[in-house]
Amino acid sequence: MLRRTATVGIALLACLAGAGALAMPAHAWLPECPIEECGGGGDGGGGGPVTPPSPAYNLQGVIQLEETGHEGAWPLRTGGVKVRGYSRLATWGNDRVDANYINVRCFANVLSYSTQEYDSENNGALVDVHFWSPTVPVSGVPVQSRTVTVNCVHHAEKYGVSYDTTSTAQFVISE
């Protein structure tokens, strides 16, 4: 009964982790501009609020599980997951676009252990990191104690506009 409950729990967490690997759109912040250039006019006449254009690009933040690894034998078996996190700047039609600057910073946390990885690039459309989570005991350990939470922060800049987003995924280290 306990084994079946654990299997169902692992399957549920795997489904949730798959949903977390989807690309998330970024929030773009348009640069501020002087009143004379934003249609407000410096002479005090006419004008009115000017609606800025919508963001031209989409920053995609993605986390993918690459593999699960184990060391040792029961009862001292430990394990971890290898993860890929990446930032990708694209048009709304999903064509890659070179950013003036793009970066990704990812953290993998399990129990009280943490690892992180960072990469950045000038004049690139995609930047990624590949890294292992901390290794933890897995033999006879409850699922919640073997669940790795990965959080990534994504940032890109193009033509003075900043794009930022975050992504999160959870992966269970198998026994």
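## Salt bridges

Two salt bridges are present in the structure; the term stands for a side-chain nitrogen of Lys or Arg within 4 Å of a carboxyl oxygen of Asp or Glu. Side chains of opposite charge can pair when their charged atoms come close.

R84 is buried, with 17% relative accessibility, while D128 is partly exposed at 22%. Here buried means under 20% relative accessible area, exposed over 50%, and partly exposed in between (1.4 Å probe, protein chains only).

The side chains of K82 and E66 form another salt bridge, at 3.9 Å from N to O. K82 belongs to strand β3 (residues 78-91) and E66 to strand β2 (residues 57-71), 16 residues apart. K82 is partly exposed at 22% relative accessible area, and E66 is partly exposed at 35%.

## The whole chain

The protein chain has one helix and nine strands, in the order α-β-β-β-β-β-β-β-β-β from the N terminus. Helices (H or I, at least four residues) and strands (E, at least two) are DSSP runs, numbered from the N terminus.

Of its 175 residues, 35% count as buried.

## About the model

This is a predicted model, where local features need pLDDT of at least 70 and side-chain atom pairs pLDDT 80 or more, while totals for chains, interfaces and linings use all residues. Residues are numbered from 1 along each chain as its sequence is written, and side-chain values use heavy atoms, leaving out hydrogens and water.
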